[in-house]
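Have the chain open alongside as you read.

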Amino acid sequence: MEKGTLLYEGKAKQLFQTDDPEIVWVEYLNQATALNGAKKDQISGKGELNNQITGRIFDYLKSKEIKNHYIKQLSANEQLIQAVEIIPLEVVVRNVAAGSFSKRLAIPEGSPLKSPIVEFYYKNDELDDPMVTEDHIKLLEIATADEIAQLRQMALEVDQALIELFDSMEIKLIDFKLEFGRQNDGSILLADEVSPDTCRLWDKKTNEHLDKDIYRRDLGDIIPVYQEVLNRLEKRGE
């Protein structure tokens, strides 16, 4: 399969055409961003780690019958995915209060939530990705009521599966964001990535961060942290 024309370049990856219109070639970039792109740095090795972590997690989710766009890994920083039309929503699931959620509601960081909370954010850089309600989503014609219900249900299914996965790796899943896409027939797949860039992960014993908060909060070097997550994934699969 040949890598073709660049289709899209985002903050963390590039997407390319292939000779099959239903398949997209993804190259993960060594770029770290935070605060909606206000903070940006090149970090050698980051793309390789996120690519490998995402591939392993998507394979795991498929084993749990959660449909996603991942096909296979091509190289350390490249993979093939199913072509989808991304729904311009970030679906955030929170299990423990942290980050902006703690600040917004004055709930101390680290406080467990009685049940998972699902939030929707409109993917629009010019608007700084605002939180939106289901009524806003319908008003903007981003998704139908049935699709919103499906996104919520899929997000909660992913949450349960990831809690089990990370628990087996001695990691607490604090919160995470997902993106979804539509196939040509209208069916919805989990898309984008699942990695320490998109998940807030804490070590179960020490509560040390194993995610992008290391970069976001200037706590140190993210490469050893991301490598630790990959090492635990690999050890689990042995």
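Which residues in helix 1 meet which residues in helix 6?

## Ground rules

This is a predicted model, where local features need pLDDT of at least 70 and side-chain atom pairs count only at pLDDT 80 or more, while totals for chains, interfaces and linings use all residues. Residues are numbered from 1 along each chain as its sequence is written, and side-chain values use heavy atoms, with hydrogens and water left out.

## Helix 1 against helix 6

On the helix 1 side, it's Lys46, Leu49, Asn50, Gln52, Ile53, Arg56, Ile57 and Tyr60; they meet Ile222, Ile223, Tyr226, Gln227, Val229, Leu230, Leu233, Glu234 and Arg236 in helix 6 (contact means heavy atoms within 4.5 Å). Sorted by type, the residues of this contact give 10 nonpolar, 3 polar and 4 charged.

As for geometry, the axes of helix 1 (residues 46-63) and helix 6 (residues 222-236) come within 10 Å, crossing at roughly 30 degrees. Helix 1 and helix 6 are therefore roughly parallel to each other (angles under 35 degrees count as such). The crossing of helix 1 past helix 6 is left-handed, meaning the near helix is turned anticlockwise from the far one by less than a right angle.

## Thr18 in its loop

Over to Thr18, which sits in the loop between strand 2 (13-16) and strand 3 (23-28). Thr18 is buried, at 14% relative accessible area (buried means under 20%, with a 1.4 Å probe and protein chains only).

A polar atom of the Thr18 side chain lies 2.9 Å from the backbone oxygen of Asp20, and the backbone oxygen of Ile23 lies 2.8 Å from a polar atom of that Thr18 side chain. Setting aside neighbours within four places in sequence, Thr18 is in contact with Met1, Glu2, Ile23, Val24, Trp25 and Leu80.

Note on methods. Axes fitted to C-alpha atoms, helices over the stretch in contact; angles between N-to-C directions. Helix = DSSP H or I, 4+ residues; strand = E, 2+ residues; numbered from the N terminus. Parallel < 35°, antiparallel > 145°, perpendicular 65-115°, else oblique. Nonpolar A, V, L, I, M, F, W, Y, C, P; charged D, E, K, R; others polar. Buried < 20%, exposed > 50% of the residue type's maximum accessible area, 1.4 Å probe, protein only. Polar contact = N/O pair within 3.5 Å; in protein donor to acceptor, adjacent residues only side chain to side chain.
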